[in-house]
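This briefing covers how one chain is divided, how its parts meet, and how it meets a second chain. Please look over the sequence and the structure before reading on.

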Amino acid sequence: MMEFDIQGGDFLNAGESSGVIKEYMKRIGLPHPFIRRVLIAAYEAELNVVAHAQKGTLHFTMEEQRVIITVKDTGPGIPDVERAMQKGFSTASSEVREMGFGAGMGLPNMKQNSDTLTINTEVGKGTEVIMEFML
Amino acid sequence: MTEHSLVIDEDTCNGCTVCLRACPTQALIIRNGKAKLINDRCIDCGECVRACPEKTIQSKRDQFEIIHNFKYKLLVYSPVIFAQFKDYHDYEKVLYLFRHMGFDDVAGVDTGGYIAADIIRGFLKDKKNKKRPYIATNCSAVCRLIQSKYAGLIEHVLPIRSIADIAGEYLKLSFINTHNVNPGEVGLFYISPCPAKLIPARQGEGCHNVFDGIFSMGDIYNKLMLLMDDNSIQYTRQEMTTTKFALRWSSFGDVEHKFKDFTTLRIDGIKNVIRFLNRMENGIVEDVDFVDMYSCDNGCVGGVFAKEDPHIAEYRIKRIADKFPEKIDKTPFSCNEDTCNIRMKFKYDPRIPQKHDLKRAIQTQAEIEALYKKLPKLDCAICGSATCYNFAEDIVLRKDVTIDDCPLIKNKKLEDLLKNVSS
C-alpha cells in the first residue's frame, strides 16, 4: 500500500517513512497507543537496515483488522536470530554506536511492540522482517 | 462548539488568500471570495491577524468598562507591557497607571512564574516519570494544538495551570485574605499579549476560568500612551515583588537559567513548535527534561498585540529584570497546591471526530490520496484551500468544492476542449 526505499548508512533521513505512516494512521483515526506501537517497531526495523545493510525497502499495508509492516534488505543477514533477539546484543560497528544507535534493543523492541514477528534471513543475502499489528 | 477569539469581517475581506498561507493549521478557507474559519482546526495563534493586509481578522476581547461591574478590581498583566516603553523607568509608571485606571491590586504573570517554578522542579526531580520531556502549559495556542492534534503527547503536558492563571489565583486569594472581602465582589482581569490567551484555554476537567475579563494588550497600550501624556497625573512609587528569572521566563521564555541541573528547551515560533511536536510524536526526542513552547517568535514578547520588536522587547525586559534579585525568600501570601487552584487535568479534545468505521475511513483516505495525485501540488491557494492536499480533502470531506475549482485543472480542460473543436 505504501512503499519506501531505505538507504544503508543514511542515518540523516532514517525515520522519514515513519513520519508518513504516522500521518496516515492519524488521519484514518487509529487509536494512539496502536499508532505508537507501529511507529516504534517500524523505526527500529528501518534503523536496522540503515545500520547494517546497503539498501532495503519498507512496506506498509493497512487492512481492516491489522497493519502489516514488511522490511526487506540486501544486507549481511543474521547468523543467529535467537541471540539477536536478546536485549543488548548488537553487532553494530563502533561508528554506529557512537552515533547513539546499535544499543541492541532493535529486535527486542520490534518483538515487544508487534503481535507477530517473522524473520526470514540468509547470511550473505539479506533479511526480511514481517511484523503484524492487530487492531 | 469550539469558541474562538478570531472574527473575520466579511465586508472588508477581499479574499486575497494571504491568511491561508499564514495559518499553521490550515484553519482558513476562501469561499465565494471571503475567508472563513474552520473552527475544528483553529488554535487561535493569531498568525492570520498578523498577516492580513486588510486588517479584516480581529480578536474578540472584553471592553475595559466591564471592570466597573465589580467593587474590587484586580489585574494580572503580562510583563511584556513594560517592554513597549522605551524609558527604563517606565515600568514603574505603568504600575502606577494601572492603579490610576481603577485597579485595587495588580500582579504580573511573573508572580505565577516564581510560584510555578518550585512545583515544576518537583516534577523534574521525580525520576519515576519516564514521560520526558514535560511540556509547559504557558502558551494557550500550543496547548490547543496539542489537545487537538497530538493525542499521544497529552501525557507529557505538565498537569499544572499556566503561570498567568496561577498569578490570577494568587492575586485574588491574597487580596481576599488580606482585606477580608466577599469573593463575589472581586473582579479579576488579565491583559493578554495575544489572541490565544483572550479566551480560556480549553484545559479539560476540573478547571474553571480564572478571569472575569480579558483585555487585549494593544487596547491597554493605547490607554497607557494617552495617560503618559497627561502631565496632571501625580505618580507615586510602586513596589514590585518579583525575581529576575520570573520576569525573563514570563516574557521571553528563558527557563534554562532556573532549571540549570536539567535539560530544558525554549522553542519559539509556531512552525518550530510543530516540527518539535512531530519529532516528539515520532518518539525521537529522548534527552530533554522540560520544554517550554511558544507560538510567537521569541515567546510572549512576540505576541500579536505587542507593538515593539520582540528582540528589542527582550533586551528591555532583561534590563528591568537585572534590578531584581535571583530569589525572594517569602511571598506575602503563601500560594501552594493546598491554597491555590494550581493543578489541572489536561485532556485530549479531538477536533476531527474519531472515525469508528475504519473500513470507510480507509476508503475515504484512499479517495483523498487519489485526488491529490491529480492535483498540481503548487499549493497556490487560488482554489480557496490552503494546500493542494487540503483541496483534495475538501472535495471529499467538506464537499463544498469540486476539482474544477482548481484553476490549472480547469484551464487544462478548456485547452483540451479548444484543441478538439479547432481540429
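**Domains of chain B**

Chain B is divided into domain 1 (1-60), domain 2 (64-321) and domain 3 (357-423). The model is a predicted one.

**Domain 1 and domain 3 of chain B**

- The centres of domain 1 of chain B and domain 3 of chain B, taken over C-alpha atoms, are 23 Å apart.
- Nine residues from domain 1 of chain B and 13 residues from domain 3 of chain B take part in the contact.
- Together the two domains bury about 830 Å² between them, with 46% of it on carbon and sulfur atoms.
- Three salt bridges are found across the interface of domain 1 and domain 3 of chain B.
- Arg31(B) forms a salt bridge with Asp394(B), and their closest N and O atoms are 3.0 Å apart.
- Between domain 1 and domain 3 of chain B there are six residue pairs in polar contact, both residues at pLDDT 80 or more.
- On the side of domain 1 of chain B that touches domain 3 of chain B, helix H1 (18-22) and strand S2 (28-31) of chain B each give two or more residues.
- S2(B) gives the largest share of that side, three residues.
- By class, that side of domain 1 of chain B has four nonpolar, two polar and three charged residues.

**A sheet in chain B**

- Three strands of chain B form an open sheet with parallel pairing, in the order S7-S11-S10.
- Strands S7 (134-135) and S10 (264-268) of chain B are at the edges with a single partner strand each, so one side of each has no neighbour in the sheet.
- S10(B) is joined by five bridges to strand S11 (residues 290-294) of chain B, and the two run parallel.
- Arg266(B) has Asp292(B), in S11(B), as its bridge partner.

**Chain B and chain A**

- The contact takes 18 residues from chain B and 17 residues from chain A.
- About 1600 Å² is buried between chain B and chain A, and carbon and sulfur atoms give 52% of this area.
- In chain B, the residues that lose the most area to chain A are Glu281(B), Asn282(B) and Leu358(B), together 32% of what that side buries.
- Two salt bridges cross the interface of chain B and chain A.
- Lys26(A) forms a salt bridge with Glu281(B), with the closest N and O atoms 2.9 Å apart.

Terms used:
Residues numbered from 1 in each chain as written. Chains lettered and ligands numbered in written order. Predicted model: local features only at pLDDT ≥ 70, side-chain atom pairs only at ≥ 80, totals over all residues. Heavy atoms only, no water. Pairing = 2+ DSSP bridges. Helix = DSSP H or I, 4+ residues; strand = E, 2+ residues; numbered from the N terminus. Domains from an automatic or database assignment. Contact = heavy atoms within 4.5 Å. Buried area = accessible area lost by both parts, 1.4 Å probe. Salt bridge = Lys/Arg side-chain N within 4 Å of Asp/Glu carboxyl O. Polar contact = N/O pair within 3.5 Å; in protein donor to acceptor, adjacent residues only side chain to side chain. Nonpolar A, V, L, I, M, F, W, Y, C, P; charged D, E, K, R; others polar.
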